[in-house]
Amino acid sequence: MIDTHIHADSRSGEDFKEMFLSGIDKAITCSYYPYRIDAEIILLNHLNRILEFDTRRALEYGIDLKVALGIHPTNTVANPEIIYENLYEWIDNDQIVAIGEIGLEDLTEDEISIFKKQLDIADETNSKVIIHTPRKNKAEVLKKILDILPQHLDERQAVIDHINQDVISEVIDGDYMLGLTVQPQKLNIEGAIDILENFGFDRFLLNSDMSNKPSDPLSVPKTVRELKRLGFKNSEIEKVSHRNAENYFNI
C-alpha cells in the first residue's frame, strides 16, 4: 500500500512501524511547517530536514519514503526565491517526486503569487504538483485554484487533494488526479468509499495526511480493508491501494 500524503517530520518512529506492519510499503511526505516562519532559511531548513533526515528515519522502520517539497500556502514567505532555486535543484537531481504541497488557504496576494510561480516551475520542469485545499471555505478556495491552474500547468500534472463529497462535482470532469484524505474533520472511511463507489477508482489516491493535527496513520489500510469487506473487486481496490500512485508518480 502507498499513503500518498503524509507529514513525516511531525510523526514518531512508532507511527512508521505501525504503518509498515499494516501493509504500507511506501508513502509520500509533503512540506508543511506548522509554526511561524520568521525567515526563509527556517523554511529551507524544514525542507532539507524532510529530504535528508526523515527519509532515512522512515526507512529504519521499513517505509520507503518519497518526497514532495514546496511552499505550503500557510508558509508564505516574503522572499521565496531561495526556495525556488532549491526546487529546481531537487527536481534536476530526481530527489523529489512532486512539488507539494502547494495551493491556497486565505486567498492573499502573496499566496496566489507563490502558487502561480510554483505551477510555472512544474510546467518548466515537467513535474507533478500536489495541491492543498483547505478545511475552511473549501469551495471558494477550490474555485480560485481551478481558475488559476490551467493558465499555468496541464491539469494532468496536478493532484487536487483533500477532496470531499461537497466539492467532488467541481473536479470530477477535469483531468486532475484526486486525493481522498481519510482524516478527522476532512473525510471519513464511509465518505471516501461513497465517492469511489459513485465515481470509480481510476482517478483517486488515498492518503491519511497524518501530521501534528488529529490524524490516523492507519487510515489508508483501514479504508482498503473496508473496501475488501464490502466486496469491491481486488483489481479496483489495488488502484487506490497503490497502482494509481505508482503509475502517476512513477514510484
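Start by selecting I131 and I160: of the 72 residues in the largest nonpolar core, these two touch the most other members. A nonpolar core here is a set of buried Ala, Val, Leu, Ile, Met, Phe, Trp, Tyr and Cys residues joined through side-chain atoms within 4.5 Å, and buried means under 20% relative accessible area, exposed over 50%, partly exposed in between (1.4 Å probe, protein chains only). Keep in mind that this is a predicted model: local features need pLDDT of at least 70, side-chain atom pairs count only at pLDDT 80 or more, and totals for chains, interfaces and linings use all residues. Numbering runs from 1 along each chain as its sequence is written, and side-chain values use heavy atoms, with hydrogens and water left out.

Now show what surrounds I131. Leaving aside residues up to four places away in sequence, its contacts (heavy atoms within 4.5 Å) include F115, L119, L149 and I160.

Next, the aromatic rings. Rings of Phe, Tyr and Trp (its six-membered ring) pair if their centres lie within 6.5 Å; planes under 30 degrees apart count as stacked, over 60 as edge-to-face and the rest as tilted. That rule gives 4 aromatic pairs. Pick F16 and Y61: with centres 6.5 Å apart and planes at 50 degrees, the pair is tilted. F16 is buried at 0% relative accessibility, whereas Y61, at 31%, is partly exposed.

Then jump to Y248 and F249, whose ring centres are 5.1 Å apart and whose planes stand at 90 degrees, so they make an edge-to-face pair. Both Y248 and F249 are buried.

What lies over the face of Y248? K128 does, at 4.8 Å from the ring centre. A charge counts as over a ring if NZ of Lys or CZ of Arg is within 6 Å of the ring centre and within 35 degrees of the ring normal.
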